[in-house]
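Dear colleague,

I am handing over the structure that follows, and below it you will find what was found in it. Please read the notes with the structure open beside them.

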Amino acid sequence: MSPLPFDPLLVSIAAPLALALAIALGLPKRWSVLLAYGAFAIPVLMALHVWWHFGDAAKDHGYAFLTRYATGLDGVGIGLKLGLNGISLPLFVLAALVGFAAGLYAIQSGAERLKIYLMLLLIMQGGLMGVFASVDIFFFYFFHELALIPTFIMVGIWGGRDRSYAAMKLTIYLTLGAMVSLLGLIMLYVKSGAHTFDLIALRDHLAALPLAATVQNNIVGLLLFGFGVLVSLWPLHTWAPLGYGAAPSSAAMLHAGVLKKFGVYGLIQVALPLLPDGLAYWAHPLAWLAVIGNVLIVGLITIAQRDLKQMIGYSSVMHMGYAFLGIAAGGIIGPGGVVFLMVAHGLSVALLFLLATAIYHRTQTFALDEMGGLAQKTPVLAAFFVAATLASIGLPGFANFWGELAIFVALWKFSPLITALAVAGVVISAVYGLRSAARVFFGPSSAELAKVTAAHPPADITWKERFPALILLAALLFIGFWPKSLTTPINAALTPHTSAKVGNATGR
Amino acid sequence: MTLEAVKLAAEANQWVAIFPELLLACLALALLALEIVLPKKLHAYIPDVALAGLVGALGGQLVNFQSATLGKESFNGLLLHSPGGQVMRVFFLLTAMLVCILARVSLAKQKVPRIEFYHLVLIITGAMMLLAQSNHFVMFFVALETVTIGFYILVSYFRTKTASLEAGLKYLVMGALSSGLLLFGIVLLYGVAGNPTLPGHSASALHYPALGQFLVANPHNFLAGVGIVLVLVGVAFKIGAFPFQIWVPDVYQGAPTPVTAFLAVGSKAAGFAVLLVLTRDVFASYDWLVTPALTAMAAATILFGNIAALTQHNVKRLIGLSGVSHAGFLLLGVVALSGPVASVSATGAIYFYLFAYLIASFAVFGVMAHIGGADDSDQTLDHYNGLAKENPFLATILAIGLGSLAGIPPLAGFMGKFFVFIAAFEGGARWTLALAVVGVVISIYYYFGWIKAAFFEQWITPADTADPRPVRTPVDVVSGIALGCLALASIFIGFYQGPLGQWLTLK
């Protein structure tokens with residue numbers, strides 16, 4: 001157990017939600033902002049604390065820090081059970097870090113109606129901490145929805161161009177995905193016959209009495225469709241670039257960085273141990289869909305983008321293709337690489353969204369064609385952006401490299417042809433990544449930009465913007481240079497329960 | 001007279017079993033008496049008497065929830081006091097309380113008599129409570145007619161408004177038709193079950209257990225099947241299920257907002273309380289007929305309600321059609337109960353859904369009552385534009401209420417849908433469930449459109465005219481507290497089902 005006198009997981013969920021409630025009940029603005037620093041910082045402190053103590057904490061089925069709170073639904077097998085295993089720990093830390101950065105960035109942005117904005121962001125943060133700390137599948141889903149709803153509102157009110165349309169499209173798509181995956185989870189609950197949503201109990205139950213192959217196939221099919229919409233699997237991805245293009249920066253950071261990982265995380269945490277045959281059945285269609293659709297088609301679309309924010313949105317859709325490939329590849333390295341990549345991608349895409357907004361404040365535009373030569377005026381901002389781009393491409397030294405490498409290694413055993421196509425995707429991401437950096441910061445300045453900069457000479461990135469960016473960049477580098485800090489728990493979590501069947505069935 | 005005789009007389013006295021209903025009836029009469037007795041300037045306080053009486057009745061009902069009569073029949077089998085009946089009593093008392101609170105806001109904008117309105121609400125509530133506990137078709141029909149006749153008056157209560165009168169007439173015609181069909185079904189069942197040549201026949205075939213036994217003994221009797229279908233049709237009119245929902249949009253639009261709320265929540269729930277008892281106990285042996293009929297009805301109701309609501313601009317029609325879709329979701333739960341593999345959790349799921357629906361609906365209706373002007377039948381989405389800026393309180397309540405109706409976590413409505421979906425899956429209604437998911441996604445569009453109107457759109461008054469929108473009623477203390485409690489309850493029940501979950505789900 002953790003040496004703290006309270007449950008660190010519950011506190012990291014409750015602190016942001018409590019402040020959100022206080023703001024809703026009419027906390028004055030000055031106090032709201034002041035306390036928001038604390039409410040965003042507490043999850044980080046708690047996350048670092050559990051990360052530090054995870055190795056030597058007592059574990060049950062690989063889960064540490066287990067506690068259960070009854071919510072009055074014991075009769076149907078639902079209870080708020082919190083705990084972390086090696087798969088959820090990295091994402092829990094990711095959620096805390098990105099949330100902290102997004103929170104700090106939101107506070108300094110001075111958005112209109114800042115109080116409500118912070119309230120929604122805090123609800124999102126509380127939900128995200130809950131998603132990864134929940135051992136109960138029901139609450140895992142529940143917290144995801146809790147975090148999702150504020151996104152719709154934030155896009156609708158604080159969004160940029162086409163915000164009304166984007167909010168509507170986002171809502172309908174993501175509700176569809178959420179409802180279909182809920183159907184899959186209900187099917188799992190009913191068919192398992194265990195009458196519980198507790199992941200650990202379900203795992204024991206299904207290890208003794210595995211589900212029939214057709215049932216597994218049906219459940220995984222539902223989950224893949226539902227989670228596929230949520231994670232923007234091609235061709236269900238169209239909400240993502242539009243939504244991210246319109247979303248305010250902090251919401252985009254949290255959604256693209258953390259919330260979107262929910263679907264992939266669900267597949268690894270729920271489908272992989274409970275429904276291995278079903279996952280193996282769908283592995284090949286999934287892999288082809290991911291490599292042709294997400295990596296190649298969306299990759300090429302990304303190159304054609306003329307809008308910086310939409311480009312980042314498309315690039316995040318593309319990188320999710322690698323996550324699906326890793327799951328399809330199976331074994332230990334595949335899903336392990338996916339968890340690693342999710343953390344790395346979460347940090348880097350959040351950093352990119354943050355920097356894109358910082359650039360917008362200086363150029364008053366997201367159009368790549370109307371920028372150029374910004375590096376002379378804002379050298380530090382340029383350095384940050386180039387670093388983030390290189391991380392996103394997967395340069396060694398950054399965390400993304402290890403994630404992609406592990407996925408490619410696992411994928412080679414699965415299908416060399418798919419591996420070759422996936423590696424070609426890295427070239428694509430290098431093209432659009434470097435091209436966008438070049439367009440924004442180097443080369444001659446466009447006439448439009450010259451007018452804007454003449455009116456408002458752009459200042460370099462301020463310390464208030466720099467601090468959240470530094471947190472994300474430091475985390476990327478730390479994990480990049482010391483991947484063992486994450487791989488040890490991930491390996492431990494995946495080794496005992498990954499069924500040999502996945503490896504065999506997918507190794508054909 | 002010996003002490004023993006007094007004790008016997010007291011034990012045989014069954015009136016105590018319907019004490020809450022008697023209390024409401026006395027209260028209703030007392031309101032009329034007060035109007036005669038009290039001086040005119042004190043008349044304004046009579047509605048408060050009704051509200052206080054309801055609060056008292058609700059408190060008494062909760063305290064006396066585990067009453068001694070539980071599980072027993074009374075009045076020669078006319079009533080059966082079941083735990084489900086107790087739950088529905090609480091439900092109807094809560095509904096009546098909230099209707100009275102809405103009426104305080106809405107009636108103030110009209111020159112109409114006040115006291116009779118509360119009188120009728122109390123009478124209808126008492127009848128609904130009896131309806132939910134009826135164990136005999138005579139009781140069932142009499143209670144149902146009391147409810148329906150009360151609603152004929154309430155729907156056309158704004159008697160100077162053509163919309164209200166038109167709605168009243170439509171409700172009268174459709175209500176009479178449905179009562180006729182229902183009665184015909186009851187008579188057929190009575191006739192066929194009284195046929196001495198058939199096994200299991202009974203002289204008192206209107207008594208549910210007797211009829212149930214007859215149906216078990218004759219599981220494929222054609223006339224009984226026709227009778228069952230006609231009874232279901234009669235109930236389907238009350239809950240507004242497709243294809244018997246045609247009266248819903250017009251009547252919901254024309255009726256005064258509190259009455260619309262009463263129809264949408266109370267009348268619908270009463271229909272479901274009856275349907276639960278009938279399908280689970282009485283018609284159980286005819287599941288080969290009841291289940292397909294209800295499944296088809298549930299699927300069609302969900303689809304029709306949601307698709308028809310998509311294009312509505314008038315919020316009262318919109319909420320009416322969305323109510324149709326909620327009837328479909330509830331029917332899904334009933335299907336789970338009547339199917340070949342009866343789901344154990346379905347009854348609790350339906351009750352939970354009803355309570356979540358009550359809480360969310362009244363939050364929305366409460367906001368509607370404040371937005372509407374003297375003529376509240378032409379309330380459109382435009383009236384909500386800019387609400388978030390002008391009155392953040394009402395806008396927040398509206399968003400929470402609509403979110404809960406749409407079934408968005410972490411609100412109570414989501415939990416209701418979740419439980420019903422689990423029950424439907426257990427009951428084997430897979431395809432209807434798939435349709436229901438489609439329905440939820442469609443419903444997001446119009447609920448979200450309403451929220452969008454309140455939060456994202458700005459109202460611009462045309463330059464050359466005065467603002468055509470009615471003046472928004474300021475929120476007074478009582479309705480403010482009520483609405484705040486409803487919104488908080490939606491959130492709280494979504495997060496922590498605690499006592500309610502144990503009370504409803506674990507039975």
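**A buried glutamine in chain A**

A:Gln125 is buried, since 34 other C-beta atoms lie within 10 Å, and a residue counts as buried here once that number is 20 or more. Please keep in mind throughout that this is a predicted model. The residue sits in helix α4 of chain A, which covers residues 114-133. Apart from its neighbours within four places in sequence, A:Gln125 is in contact with A:Pro16, A:Phe40, A:Pro43, A:Gly99 and A:Gly103. Between A:Gln125 and A:Phe6 there are 20 Å in space, C-alpha to C-alpha, with the two lying 119 residues apart in sequence.

**The nonpolar core**

The largest nonpolar core holds 408 residues, and those with the most contacts inside it are A:Leu347, A:Ala350, A:Leu355, B:Leu131 and B:Leu332. The element that gives the most to this core is helix α14 of chain B (residues 346-371), with 21 residues. If we take A:Ala350 from that group and leave out residues up to four places away in sequence, the residues that A:Ala350 touches are A:Val98, A:Ala101, A:Ala102, A:Met253, A:Ala256, A:Gly257 and A:Leu472.

**Two helices of chain A**

How do helices α14 and α16 of chain A pack, and at what angle? Helix α14 (residues 333-363) and helix α16 (residues 379-393) of chain A pack at about 150°, with their axes 9 Å apart, and α14(A) and α16(A) are therefore roughly antiparallel to each other, the cut-off for that term being an angle over 145 degrees. The crossing in which α14(A) passes α16(A) is left-handed. On the side of α14(A), the contact is made by A:Ser348, A:Val349, A:Leu351, A:Leu352, A:Leu355, A:Ala358 and A:Ile359, while α16(A) brings A:Leu381, A:Phe384, A:Phe385, A:Ala388, A:Ala391 and A:Ser392. By class, the residues of this contact are 11 nonpolar and 2 polar, with no charged residue among them.

**Where the chains meet**

Finally, there is the contact between the chains, in which 24 residues of chain A meet 25 residues of chain B. On the side of chain A that touches chain B, α5 (137-158) and α6 (163-192) of chain A each supply at least two residues, and α6(A) gives the most, with 13 residues. This side of chain A has 16 nonpolar, 7 polar and 1 charged residues.

With best wishes

Technical notes
Residues numbered from 1 in each chain as written. Chains lettered and ligands numbered in written order. Predicted model: local features only at pLDDT ≥ 70, side-chain atom pairs only at ≥ 80, totals over all residues. Core = buried A, V, L, I, M, F, W, Y, C linked by C-beta atoms within 7 Å. Buried ≥ 20, exposed ≤ 12 C-beta atoms within 10 Å, placed from the backbone. Helix = DSSP H or I, 4+ residues; strand = E, 2+ residues; numbered from the N terminus. Contact = placed C-beta atoms within 7 Å. Axes fitted to C-alpha atoms, helices over the stretch in contact; angles between N-to-C directions. Parallel < 35°, antiparallel > 145°, perpendicular 65-115°, else oblique. Left-handed = near helix turned anticlockwise from the far one by under 90°. Nonpolar A, V, L, I, M, F, W, Y, C, P; charged D, E, K, R; others polar.
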